[in-house]
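Colleague: Could you walk me through this one? I'd like to go strand by strand, then look at side chains.

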Amino acid sequence: QVQLMESGGGSAQPGGSLTLSCVASGLPSSNNCITWFRQPPEKEREGVAAIYTGGGSMYYAEFVRGRFTISRDNAKNTVYLRMNSLKPEDTGIYYCAAVRRGRSCRPRAPPDKDLEAWGQGTPVTVSS
């Protein structure tokens, strides 16, 4: 059973930084696609970034490209999302999710049927 747990959320000022962590267990192989998605207040969920845990190929939504960096530490079964130059519109609940094996690795968000599991989320608030 795939399980994921996010942490690291909090408050930041515009222009600030936060790093989120996602610890995964029960993944079916050593090369899995993990994606981060978010749910802004009163808006639909949107995919933010994705990474292959094996090869490390990374994919970003256009609205975070150049500001966010996704990375992984396989020894710790952890995927990170480093968020720089934060904006108020980055406010929301951030989740990490496992993409079903064999499906394309790209930023995804529910109700995408190719997402196998996701965690409880960690909140991020960006305000002055």
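This is a predicted model: local features need pLDDT of at least 70, side-chain atom pairs count only at pLDDT 80 or more; totals for chains, interfaces and linings use all residues.

Colleague: Start with strand β4. Is it buried or exposed?

Modeller: Strand β4 covers residues 33–39, and six of its seven residues are buried, so the strand is largely enclosed by the rest of the structure.

Colleague: Which way does β5 run relative to β4?

Modeller: The two are antiparallel, with six bridges joining β4 to β5, which spans residues 46–52. As an example, threonine 35 has alanine 50 in β5 as its bridge partner.

Colleague: And what sits between β4 and β5?

Modeller: Six residues, and the two strands form a hairpin. In the turn, glutamate 42 has a positive phi of about 60 degrees.

Colleague: What about β9, how many bridges pair it with β4?

Modeller: Six bridges, again in the antiparallel sense, and β9 is residues 92–99. Tryptophan 36 is bridged to cysteine 96 of β9.

Colleague: Changing topic. How many aromatic pairs does the structure hold?

Modeller: Three. One of them is phenylalanine 37 with tyrosine 95, which is stacked at 4.9 Å centre to centre, with 10 degrees between the planes. Phenylalanine 37 lies in β4 and tyrosine 95 in β9, so this pair ties together parts that are 58 residues apart in sequence.

Colleague: How is phenylalanine 37 arranged with tryptophan 118?

Modeller: The ring centres are 6.1 Å apart and the planes are at 85 degrees, so that pair is edge-to-face. Tryptophan 118 belongs to strand β10, so the pair with phenylalanine 37 in β4 links parts that are 81 residues apart in sequence.

Colleague: Now the cysteines. How many disulfides are there?

Modeller: Two. Cysteine 22 and cysteine 96 form one, with their sulfur atoms 2.1 Å apart. Cysteine 22 lies in strand β3 and cysteine 96 in β9, so the pair ties together parts that are 74 residues apart in sequence.

Colleague: And where does the one with cysteine 33 go?

Modeller: Cysteine 33 is in β4 and its partner, cysteine 105, is in the loop between β9 and β10, so the pair ties together parts that are 72 residues apart in sequence. Cysteine 33 counts as buried at 4% relative accessibility, and cysteine 105 counts as buried at 7%.

Terms used:
Residues are numbered from 1 along each chain as its sequence is written. Side-chain values use heavy atoms; hydrogens and water are left out. Buried means under 20% relative accessible area, exposed over 50%, partly exposed in between (1.4 Å probe, protein chains only). Helices (H or I, at least four residues) and strands (E, at least two) are DSSP runs, numbered from the N terminus. Two strands pair if DSSP finds at least two bridges between them. Rings of Phe, Tyr and Trp (its six-membered ring) pair if their centres lie within 6.5 Å; planes under 30 degrees apart count as stacked, over 60 as edge-to-face and the rest as tilted. A disulfide is a pair of cysteine sulfur atoms within 2.5 Å.
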